[in-house]
Amino acid sequence: MWISAKLLYVIPILFLLSLFGSPFFDSETIPLPLPKLHGKFLHITDFHPDPHYVSNVTARSRCHEHFKSTKKPKHMKRGISGPWGAPATVCDSPMSLIDATFEWLEKNWKNKLDFIVWTGDNARHDNDDIIPRTPEEMFRLNRMITEKFLETFGDPQLRSRKKAPHFIPIVPSIGNNDIHPNNIVLPGPNDLLTTLHDIWYPFIPQKQHKTFLKGGYFYTEVIPGKLIVVSINTLYFYKANTAVNGCKAKDQPGTIHLRWLNDVLRMANKRGLKVYLTEREGLNISQEDQGAVETKVYNIDKYMNKLLKHYRKIPLTREVEKEYAVININPSVIPTFFPALRIFDYNITELANEDHEVNSTKKSKKDSPSQVNTFLTPLGYTQYFINLTHANLYPNITPEYIIEYTTWNEYHMNDLTVPSWIQLARRIVNRGFRSSLWKKFQEHLMVGTRSLIRQKNKRSYRNSDSDDRVKGPEDYIVSELSF
Ligand SMILES: [Zn+2]
């Protein structure tokens, strides 16, 4: 699988865009009138609200006032917590940052988005023995974030939890920090999935409640008759989830999940629906493991090797390129770097006669929105961020997200199709890893915190390519699985 160059080195949350299908209607389906489309959706992830966050204490304490040892990289233990968060540290998000995020979303994006992809981790990390995170607290924080989505994107006049939703489609997926104990989910139905189901009830479409109770996954037809977003539960594929065993044995929940996914894709293909897949973590199904699945934690060297390997392997014809898929990993709200989110633009120009073309399966792959710029192709994204170093100077002024970069301006990409990503990767390789393009790319991977992290590492960081050098920020990807 082609891993797009955009992806690495941010918290490993996946937003996998994969588009299947060919455009023809199932005769049993009555086409619904299309909602007015804005051509934009939000991807947001990893809020990690921490009600125990204290301002003006050391990051080493996890912003909890008392000293706590941790194996995290040095730079993450340095710094003082500010009123809006502690950038590039081990600390979770203060409630002030969560509130500021939703205030900004309401002010700038209410009624301007078509749907929302939200990939989990709605509780603080359970990383402080002195204040252990109880399941009650974890669910309470999950409920709090859910309420905020409903308040921000719902119509307060019409809101009623158990009735038809009066907000844009919001598609959550379960994070490894949304469950207790961390990383462990048994096959459903179970208490955990039942509680999450109760919290996410408004987001789960009718007829899919049973599926969710059984496996924690579901899909939403975000544009009726056109596009579905599938929420995959990658927890059944985690090696860290010792309660299950990959997806080889027939009765394993991972196997059942993949079978369900296959059915959904087949249904979508039959109905001419396109599909976006969203999930927490990238899956790594290797031949050697024979069906066992592990999640990937990227580091830059591994990635570069992969990139170069792929680069050499890819001839110039599109025939080969179409084997690849693009995975977009979103930056997080939690200030592992600076808090960030993405607004995606996607193509809403539908060809007038496209709906009625029957038996067009032959053209499906070549003309799919992941390969060519067509209806529902992601066109680009704008990454917004808060510079917390600056924001923390003004405790009384609620910070706003501002544009960090766009894929149009910074990478000159016309769209986010697979060929466009490959083109970008080629440009990077051709210009070399000392080029300004690659430097810019690395800056973006760290959401603008690169110089801050370097500063914090001043004494220990040396910019050298030798293997025995002291590790620098580029060597670390913050794996939350280790918490
Ligand atoms: Zn997280």
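I began with a term: a residue is buried if 20 or more other C-beta atoms lie within 10 Å of its own. I note also that the model is a predicted one.

**Entry 1: the chain as a whole**

I looked up the overall content of the chain and recorded 11 helices and 13 strands. Of the 483 residues, 45% are buried. I then examined the contacts with a separation of 6 or more, and 75% of them come from residues 24 or more positions apart.

**Entry 2: strand 11**

I asked how many residues of strand 11 are buried. In this strand, residues 340–346, the number is 7 of the 7, so strand 11 is largely enclosed by the rest of the structure. I recalled that side chains in a regular strand alternate between the two faces of the sheet. I therefore checked each face of strand 11 for burial. On one side Ala340, Arg342, Phe344 and Tyr346 are buried, and on the other Leu341, Ile343 and Asp345 are buried.

Next I looked up the partners of strand 11. Strand 2, residues 40–44, pairs with strand 11 in the antiparallel sense over 4 bridges. Within that pairing, Lys40 has Asp345 as its bridge partner. Strand 12, residues 378–385, is also paired with strand 11 in the antiparallel sense, over 7 bridges. Here I found Ile343 opposite Thr382.

I followed the pairing of strand 5 with strand 6 (residues 227–231): the two run antiparallel and are joined by 5 bridges. Phe218 is opposite Ser231 of strand 6.

**Entry 3: helix 2 and helix 3**

I looked up how helix 2 (residues 135–153) packs with helix 3 (residues 191–200), and found an angle of about 25° with the axes 9 Å apart. Angles under 35 degrees count as roughly parallel, and the two helices are therefore roughly parallel to each other. The crossing is right-handed.

I listed the residues that meet: Phe139, Asn142, Arg143 and Thr146 from helix 2, and Thr195, Ile199 and Trp200 from helix 3. By class, this contact has 3 nonpolar, 3 polar and 1 charged residues.

Terms used: Residues numbered from 1 in each chain as written. Predicted model: local features only at pLDDT ≥ 70, side-chain atom pairs only at ≥ 80, totals over all residues. Pairing = 2+ DSSP bridges. Buried ≥ 20, exposed ≤ 12 C-beta atoms within 10 Å, placed from the backbone. Contact = placed C-beta atoms within 7 Å. Axes fitted to C-alpha atoms, helices over the stretch in contact; angles between N-to-C directions. Parallel < 35°, antiparallel > 145°, perpendicular 65-115°, else oblique. Left-handed = near helix turned anticlockwise from the far one by under 90°. Nonpolar A, V, L, I, M, F, W, Y, C, P; charged D, E, K, R; others polar.
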